[in-house]
Amino acid sequence: MSWRATASERSSRADAAVRPFGGPAVRPSDRLAALDVFRGLTVAAMILVNNPGSWSAVYPPLRHAAWHGWTPTDLVFPFFLFIVGITTHLSIAARRVRGASDRQIAGRIVRRALLIIALGLLLSAFPFFPADRITHLRIPGVLQRIGVAYLVAAPLVLRTTPRVQVGVITAILAGYWLLLTRVPVPGLGRAALEPPDATLAAWLDRLVLDGHLWAVTRTWDPEGILSTIPAVATTLVGALAGRAVAPDRQRLGWLAGWGAVTCVAGLAWAAAFPINKNLWTSSYVLFTAGAAALVLAACIRLFRHGAGRWAEPFVVFGVNPITAFVGSEALARLMYSVIRVPYGGETVSLQQAIHRAVFASWLPDRPASLAFAVAVVLLWYVVLRALRTRGIILRI
């Protein structure tokens with residue numbers, strides 16, 4: 001792990017480099033800067049939806065769907081895995097050009113994946129008290145899923161052809177559909193997609209990880225074991241899309257057309273296998289991958305005609321994503337639950353005190369909650385811009 005960029009990277013820090021979640025840089029170009037804008041947009045959206053002023057006063061598009069269905073918020077995580085897939089393909093191609101052997105690349109993949117998983121577990125344990133935070137450590141998580149998906153998908157990208165990867169994706173999506181809709185849940189006697197704690201995925205989570213699941217649900221986990229399998233498919237779809245990340249009109253048209261068809265296919269499949277972020281259903285994989293391809297194609301098209309200053313904030317988020325994610329999650333935990341201060345005659349969290357004093361004192365509930373979230377995004381923009389100016393990037 002390294003915090004500081006090399007001298008050559010600092011000299012070109014105005015450009016964006018492609019890294020699989022902070023990995024090895026390749027030569028910047030308009031198409032790669034467009035990818036950083038897409039990644040930065042995704043990271044900024046993640047910070048926005050994870051930091052409302054009040055969880056009881058959030059606009060519906062900034063909430064996850066309660067179960068079946070989707071909102072714009074449900075696009076954030078699969079977009080990020082899609083980007084991990086793209087940058088995995090580009091990174092492997094770049095390393096081969098530089099003369100690295102497949103064995104060297106595979107070793108780096110394993111080290112990077114394990115480090116991402118370890119960071120996720122440390123973030124789950126943070127701030128390491130009280131004691132039950134360790135004894136009942138949540139084992140699944142966002143970084144853990146990214147690490148596992150990368151660990152499985154990257155070797156396939158390294159050692160197999162696109163045709164084989166398409167076959168793997170197809171097998172995962174079809175197999176997962178049959179597994180959740182045809183295999184009876186032990187103790188229930190039938191397959192079930194709802195309620196959340198009655199699915200096969202929830203049963204497996206309890207069987208293997210009971211006591212180490214998300215504290216909000218306890219009986220199932222949104223980043224659980226079974227639903228991580230189709231998340232691998234999302235990453236592989238991104239790797240295939242990485243072959244079309246180019247500014248020329250033919251490839252860009254293919255990317256946009258493929259995205260539209262895949263998005264529609266996901267919506268059609270949802271009639272039999274509902275779009276569901278928590279289960280990461282096969283229809284959800286297709287729908288979100290298609291949407292990601294469309295957004296990426298739009299970013300590349302804009303860059304082909306000149307990005308302008310509007311893109312700079314998103315590039316700032318995009319070139320240092322792991323710092324933004326880990327830092328914002330750690331800060332949120334401190335502000336929302338750990339640090340408590342006196343306010344209005346009672347002791348409240350630091351976050352509540354700031355929200356009430358600065359925003360809720362003069363704005364209605366929902367605008368105040370959104371204003372707080374926007375302020376957190378702006379805070380991280382200032383931090384990340386300062387780090388980028390100094391060439392400081394957390395790389396794995």
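Which residues make the nonpolar surface patch of about 300 Å²? In this predicted model, the patch comes from Leu122, Phe128 and Ile134. Ile134 sits in helix H5, which covers residues 132-135. With a relative accessible area of 44%, Ile134 counts as partly exposed.

Moving on to charged side chains, a search of the whole structure turns up 8 salt bridges. Side chains of opposite charge can pair when their charged atoms come close. Take Arg159 and Asp102, whose closest N and O atoms are 3.8 Å apart. This bridge links distant parts of the chain, with Arg159 in helix H6 (residues 142-159) and Asp102 in helix H4 (residues 102-125), 57 residues apart. Arg159 counts as exposed, at 62% relative accessibility, whereas Asp102 is partly exposed at 28%.

Glu223 takes part in a salt bridge with Arg138, at 2.7 Å from N to O. Here too, distant parts of the chain are linked: Glu223 belongs to the loop between helix H8 (200-209) and H9, and Arg138 to the loop between H5 and H6, 85 residues apart. Glu223 and Arg138 are both buried. Glu223 also forms a salt bridge with Lys277, with the closest N and O atoms 3.2 Å apart. Since Lys277 lies in the loop between H10 and H11 and Glu223 in the loop between H8 and H9, this pair ties together parts that are 54 residues apart in sequence. Lys277 is buried as well.

Phe77 lies in helix H3 (residues 76-97) and Trp280 in the loop between helix H10 (249-269) and helix H11 (282-304), so the pair ties together parts that are 203 residues apart in sequence. Both residues, Phe77 and Trp280, are buried. The pair of Phe317 and Tyr381 is tilted, because its planes are at 35 degrees, with the ring centres 6.4 Å apart. Phe317 and Tyr381 are likewise both buried. Elsewhere, Tyr176, Trp177, Trp269 and Phe273 form one aromatic cluster.

Finally, there is the second largest pocket, with a volume of about 310 Å³. It is lined by 15 residues, and the closest to its centre are Val166, Ile169, Val237, Leu240 and Trp258. Helix H7 (162-182), helix H9 (228-242) and H10 each supply at least two lining residues, with H7 giving the most, at 6 residues.

Definitions and conventions: Residues numbered from 1 in each chain as written. Predicted model: local features only at pLDDT ≥ 70, side-chain atom pairs only at ≥ 80, totals over all residues. Heavy atoms only, no water. Helix = DSSP H or I, 4+ residues; strand = E, 2+ residues; numbered from the N terminus. Buried < 20%, exposed > 50% of the residue type's maximum accessible area, 1.4 Å probe, protein only. Phe/Tyr/Trp six-rings, centres within 6.5 Å; stacked < 30°, edge-to-face > 60°. Patch = residues over 30% accessible without salt bridge, like charges linked within 9 Å, V, L, I, M, F, W, Y side chains within 5 Å. Areas by Shrake-Rupley, 256 points an atom, 1.4 Å probe, with all protein chains shown as cover. Salt bridge = Lys/Arg side-chain N within 4 Å of Asp/Glu carboxyl O. 1 Å grid on protein atoms, 1.4 Å probe; cavity = no way out; pocket = protein on both sides within 12 Å on 5 of 7 lines; lining within 4 Å. Points joined across faces, edges and corners; volume = space filled by probe spheres on them.
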